[in-house]
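Dear colleague,

I am handing over the structure below and would be glad if you kept it open while reading the notes that follow it.

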Amino acid sequence: MSTRMQSRGPWLFTIPPNPSFICPLCSNVMAEPRQTQCQHTFCLVCIEKELQKRAECPSCQTPIEFEKLSKPAFILLSLIYDQTTFCDQSSNGCQWSSPWRDLNKHLSNCMFVAEPCMFGCGEDVLKKDSDFHKFQKCRSRFKSCKHCFEEVHKSQTKEHILVCTEFPIACDCCIRIPKKSLPLHKKSTCSLAVVPCSFGEVGCAYISARKNHIVHLLDNIDDHAKMLEISVNKMNDAKVRLAQKEQELEQTRMKLSHQEAILEHKQKQVESLESRVNKFQDQCNQLQTELSDREQSLEDARSMIEVRSVECEELSKNSTGLQSRTDTLERQLVEEKKTSKADYQAKLTITAIVFSILGCLVSGVYWSLRS
């Protein structure tokens with residue numbers, strides 16, 4: 001079950017319950033019963049509180065653990081929850097009776113449940129009597145204002161009258177009208193309101209109560225007519241001046257349009273010049289970049305020339321040394337040529353002598369063989 005059930009006294013059932021359904025701890029019919037390891041059964045709430053004091057079975061003092069408690073057989077649960085019970089509010093007049101398992105659902109909708117007054121008067125009101133209490137009995141109830149029909153707390157009735165816009169109040173002319181309409185009444189219809197003459201805009205300075213204005217208008221018809229004529233003439237003159245001003249304004253508008261056209265043309269010229277200046281600026285930037293590149297190239301060429309000059313000087317020095325070495329080698333070559341020529345002649349002489357000796361030896365060998 002979604003809501004934890006509470007144990008119930010045996011007197012709340014239509015038939016006295018079986019003694020085996022009674023919890024030994026609270027003496028009520030067990031709600032959500034739990035069975036111990038030693039096979040004793042108690043209400044879940046009762047055994048939970050008891051085990052917080054000591055971890056043993058209240059009936060036989062056998063050591064038990066809360067985690068090892070189990071639900072009794074399904075048939076026992078069905079027998080317990082199928083018992084017919086009265087509503088908790090039977091003392092308030094509720095006649096409901098049904099199986100215990102349906103009690104929580106009934107209590108959520110029971111009209112005999114007492115709830116605190118929503119206006120805070122301190123009374124507990126049955127659901128079925130809430131409307132009567134709200135609109136008739138409650139000392140702190142709200143009621144509708146008979147003038148503006150706004151819901152007003154009973155204790156704030158006097159304060160509401162001070163601000164109620166529909167509350168009737170008496171005007172000086174003895175007429176009672178809603179408070180919000182009083183300014184408009186005094187401005188347009190109140191006979192005692194002090195207002196200026198309706199011809200005040202054309203020069204009449206008369207100010208009096210509205211009820212006296214009829215006599216004033218009848219007594220001053222000619223004066224009002226003269227004032228009206230003067231006002232009309234002034235109005236005509238004003239219209240003529242206005243027409244002149246409008247004509248001058250139109251001329252000024254035409255001049256302004258012409259000046260705007262000139263200004264627009266100048267603006268286009270300025271934009272064209274700005275475009276040309278931007279292009280010239282771009283060209284200058286490009287030339288500046290090329291000039292920088294040329295200057296860099298020239299600087300690189302100068303550096304290269306200096307390097308080549310140094311190399312040329314070194315080559316010149318090297319060529320001088322080579323010339324001296326060449327002269328030395330030429331002299332050595334001439335000397336070697338002379339030496340090699342004498343050696344050559346000596347070698348030829350020796351060779352001739354050797355060949356001569358060989359010839360003699362060959363001849364000797366030949367003749368010795370023949371002989």
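In this predicted model, ring pairs join Phe 13, Tyr 81 and Trp 100 into a cluster, and the structure holds 2 aromatic pairs. In the pair of Phe 13 and Trp 100, the ring centres are 5.7 Å apart and the planes stand at 85°, so this pair is edge-to-face. Because Phe 13 belongs to the segment before strand 1 (33-35) while Trp 100 sits in the loop between strand 4 (97-99) and helix 3 (103-107), the pair ties together parts that are 87 residues apart in sequence. Both Phe 13 and Trp 100 are buried.

The other pairing of Trp 100 is with Tyr 81, and it is also edge-to-face, with 5.5 Å centre to centre and 65° between the planes. Tyr 81 lies in helix 2 (residues 74-81) and Trp 100 in the loop between strand 4 and helix 3, so here the parts tied together are 19 residues apart in sequence. Tyr 81 and Trp 100 are both buried.

Turning to charged side chains, the count comes to 6 salt bridges. As background, side chains of opposite charge can pair when their charged atoms come close. In the bridge between Glu 50 and Arg 54, the closest N and O atoms are 3.0 Å apart; Glu 50 is buried, with a relative accessible area of 12%, whereas Arg 54, at 41% relative accessibility, counts as partly exposed.

Glu 115 forms a salt bridge with Lys 127, and the closest N and O atoms of that pair are 3.9 Å apart. This pair links distant parts of the chain, with Glu 115 in strand 5 (residues 114-116) and Lys 127 in the loop between strand 6 (124-126) and helix 4 (130-137), 12 residues apart. Glu 115 counts as partly exposed at 37% relative accessibility, and Lys 127 counts as partly exposed at 22%.

In the salt bridge between Glu 166 and Lys 180, the closest N and O atoms are 2.6 Å apart. Here too the pair links distant parts of the chain, since Glu 166 is in the loop between helix 5 (157-163) and strand 9 (168-170) and Lys 180 is in the loop between strand 10 (176-178) and helix 6 (182-188), 14 residues apart. Glu 166, at 23% relative accessibility, counts as partly exposed, while Lys 180 is exposed, with a relative accessible area of 53%.

Salt bridges that share partners join Glu 50, Arg 54 and Glu 56 into one network. Glu 56 itself is found in the loop between helix 1 (44-53) and helix 2, and at 25% relative accessibility it counts as partly exposed. Setting aside neighbours within four places in sequence, Glu 56 is in contact with Leu 51, Gln 61, Thr 62, Pro 63 and Ile 64. Between Glu 56 and Thr 36, which are 20 residues apart in sequence, the C-alpha to C-alpha distance is 9.6 Å.

Glu 50 also brings in helix 1, where Leu 44, Cys 46, Ile 47, Glu 50 and Leu 51 are buried. These residues cover an arc of only 160° around the axis, which puts them on the same side of helix 1. The buried residues of helix 1 pack against strand 1 and strand 2 (41-43), and the face turned away from that buried side carries the exposed residues Lys 49, Gln 52 and Lys 53.

For the chain as a whole, the secondary structure comes to 8 helices and 12 strands. Of the 371 residues of the protein chain, 21% count as buried, and the chain exposes about 28100 Å², of which carbon and sulfur atoms supply 57%. Among the contacts in the protein chain with a separation of 6 or more, residues 24 or more positions apart account for 24%.

Note on methods: Residues numbered from 1 in each chain as written. Predicted model: local features only at pLDDT ≥ 70, side-chain atom pairs only at ≥ 80, totals over all residues. Heavy atoms only, no water. Phe/Tyr/Trp six-rings, centres within 6.5 Å; stacked < 30°, edge-to-face > 60°. Helix = DSSP H or I, 4+ residues; strand = E, 2+ residues; numbered from the N terminus. Buried < 20%, exposed > 50% of the residue type's maximum accessible area, 1.4 Å probe, protein only. Contact = heavy atoms within 4.5 Å. Salt bridge = Lys/Arg side-chain N within 4 Å of Asp/Glu carboxyl O. Areas by Shrake-Rupley, 256 points an atom, 1.4 Å probe, with all protein chains shown as cover. Arc of directions from axis to C-beta.
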